[in-house]
Amino acid sequence: MTIAQQPEALNFECETGNYHTFCPISCVAWLYQKIEDSFFLVIGTKTCGYFLQNAMGVMIFAEPRYAMAELEEGDISAQLNDYEELKRLCLQIKRDRNPSVIVWIGTCTTEIIKTDLEGLAPKLESDIGIPIVVARANGLDYAFTQGEDTVLAAMAHRCPTHAPAAETETEKGDRNAIQKLLNFGKKKEEVIQDESEYVDHPPLVLFGSLPDPVVTQLTLELKKQGIRVSGWLPAKRFTELPVIEEGYYVAGVNPFLSRTASTLMRRRKCKLIGAPFPIGPDGTRAWVEKICSVFGITPKGLDEREAQIWESVEDYVKLIRGKSVFFMGDNLLEISQARFLVRCGMTVQEIGIPYMDKRYQAAELALLEKTCHEMGVPLPRIVEKPDNYNQLQRIYESKPDLVITGMAHANPLEARGINTKWSVEFTFAQIHGFTNTRDILELVTRPLRRNNNLQDMGWDKLVKEEAKI
């Protein structure tokens, strides 16, 4: 009698405990653009201001809605009145910009000197008449993209608990900015006909900040299955935050939103749909299928939809099929990206990730394991809070074809003849849903295509000679 061998399981490790990532206050960069009636006030030192200037200086001509409240030596030694200074700044913001909400972003300094932002905010809010949301986004406790997580978790508390009693179901849909967009240019009769396409199911709210075109795409993908999206957190405007009542279903679109998920479950009594994330055609299909299964709906046309996308990107996939990739860890998208690249035919040698919430990413981890078995490639080691020195030694030994890394390590690796791609680019690019698969592959394959072009031009020999010198 032979005993069936158990399939290999994912291997998790943890190294130094340091976050070698971009600072999480950079979440201001995409959130102030997403929430159009907001103003973000980062409370920190000049170092934070320099960082924001460098990280977002290219957007200065867009008249950004963010500013720095700089803590001076007097503030740090507790000789000044925090409340009066913050009140002065917020009144100036109200006078100049009149936002619907002011978001205070706490930094490392406010954490170290124990500034009671949560205590100051309610009194100041009542004094100036503008909602103030407090979010901790310090680099001591959070990695790069977790800045968005803390902001959305704070905003989840501000979502209304019920819709106005007089509203009909159609009016509730019209109040949702996404539904307005979907119904734009349609006659009332056409809107009513569209309403009949939806299946009767409990309300569903999606959370995660995505560009408006991607929000529309994912909303339409679910609409094809008869699923209505009741709202998105965040909405385009703070005044249009979705209604969230006890018993509502919620689903995330990004793997770094575990705190938001916990807040929605514990504080707002919502039911979380634990699905893989809609990154790549395989992830998007799994995401839609899981939501359908929770509502007892049989998905339609997903096989054909996924096959069509894979066929349309074959010119990119053939460039990376059979090659290896190494993730140093930066933006917490690593598990989803690795799973997608394995499906493309790549071998993932290691997944470095700053923070790993195994409960929130359980479905994604299961899909990664399943994908590796189906594609016949070894399971990658997953290293939480990786030590950069140790990682570099492993990179030199394994010689991957591509390293996806933070900006700090890209140039040194390139100087040693290792192809790299900035992980931050995936954070700012449109990578969710079926239709954005080409955009992900465009980023992944760019270093490889560049090298192929250099070889064709004979420059690779020149580069090697210069490296010897």
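Me: Okay, a contact means heavy atoms within 4.5 Å. Among contacts with a separation of 6 or more, what percentage comes from residues 24 or more positions apart?

Reply: It's 76% of those contacts in the protein. Before we go on, this is a predicted model, where local features need pLDDT of at least 70, side-chain atom pairs count only at pLDDT 80 or more, and totals for chains, interfaces and linings use all residues. Residues are numbered from 1 along each chain as its sequence is written, and side-chain values use heavy atoms, with hydrogens and water left out.

Me: Got it. How many helices and strands are there?

Reply: There are 22 helices and 14 strands. Both are DSSP runs numbered from the N terminus: helices are H or I with at least four residues, strands are E with at least two.

Me: And what percentage of the protein is buried?

Reply: Of its 469 residues, 53% count as buried. Buried is under 20% relative accessible area, exposed is over 50%, and partly exposed is in between, using a 1.4 Å probe and protein chains only.

Me: Now the record. Where does UniProt put the "binding site" feature?

Reply: The unreviewed UniProt entry puts it at Cys23, Cys48 and Cys108. They are spread over 86 residues of sequence but cluster in space, with a largest C-alpha distance of 10.0 Å. UniProt positions use the numbering here, feature names are shortened, and annotations may be inferred rather than shown by experiment.

Me: Is cysteine 23 buried, exposed or partly exposed, and why?

Reply: Cysteine 23 is partly exposed, because its relative accessibility is 25%. You'll find cysteine 23 in the loop between strand E1 (11–14) and helix H1 (28–34). If you skip residues up to four places away in sequence, cysteine 23 touches Phe51 and Phe144.

Me: What about cysteine 48, buried or exposed?

Reply: Cysteine 48 is buried, at 13% relative accessible area. That residue sits in helix H2, residues 46–56. Setting aside neighbours within four places in sequence, cysteine 48 is in contact with Ile25, Met68 and Thr107.

Me: How many disulfides does the structure hold?

Reply: The count is 0. A disulfide here is a pair of cysteine sulfur atoms within 2.5 Å. As for some other cysteines, cysteine 90 is buried at 0% relative accessibility, and cysteine 292 is also buried at 0%.

Me: Switching to helices. At what angle do H4 and H6 cross?

Reply: Roughly 45 degrees, with the axes of H4 (residues 82–97) and H6 (residues 117–128) coming within 11 Å. That makes H4 oblique to H6. For the cut-offs, under 35 degrees is roughly parallel, over 145 roughly antiparallel, 65 to 115 roughly perpendicular, and the rest oblique. Axes are lines fitted to C-alpha atoms, for helices over the stretch in contact, and angles run from 0 to 180 degrees between N-to-C directions.

Me: Where's lysine 114, and what's up with its phi?

Reply: Lysine 114 is in the loop between helix H5 (108–112) and H6. Its phi is positive, about 60 degrees, although lysine 114 is not a glycine. Lysine 114 is also exposed, with a relative accessible area of 66%.

Me: Which residues does a cis peptide bond join?

Reply: Leucine 233 and proline 234, with omega about 5 degrees. Proline 234 is in the loop between strand E7 (231–233) and strand E8 (249–252).

Me: Last one: where is glutamate 384, and what does it touch?

Reply: Glutamate 384 belongs to strand E12, residues 381–384, and is buried at 17% relative accessible area. Not counting residues up to four places away in sequence, glutamate 384 touches several residues, among them Glu13, Cys14, Ile353 and Tyr355. Glutamate 384 and asparagine 18 are 366 residues apart in sequence, yet 9.5 Å apart in space, C-alpha to C-alpha.
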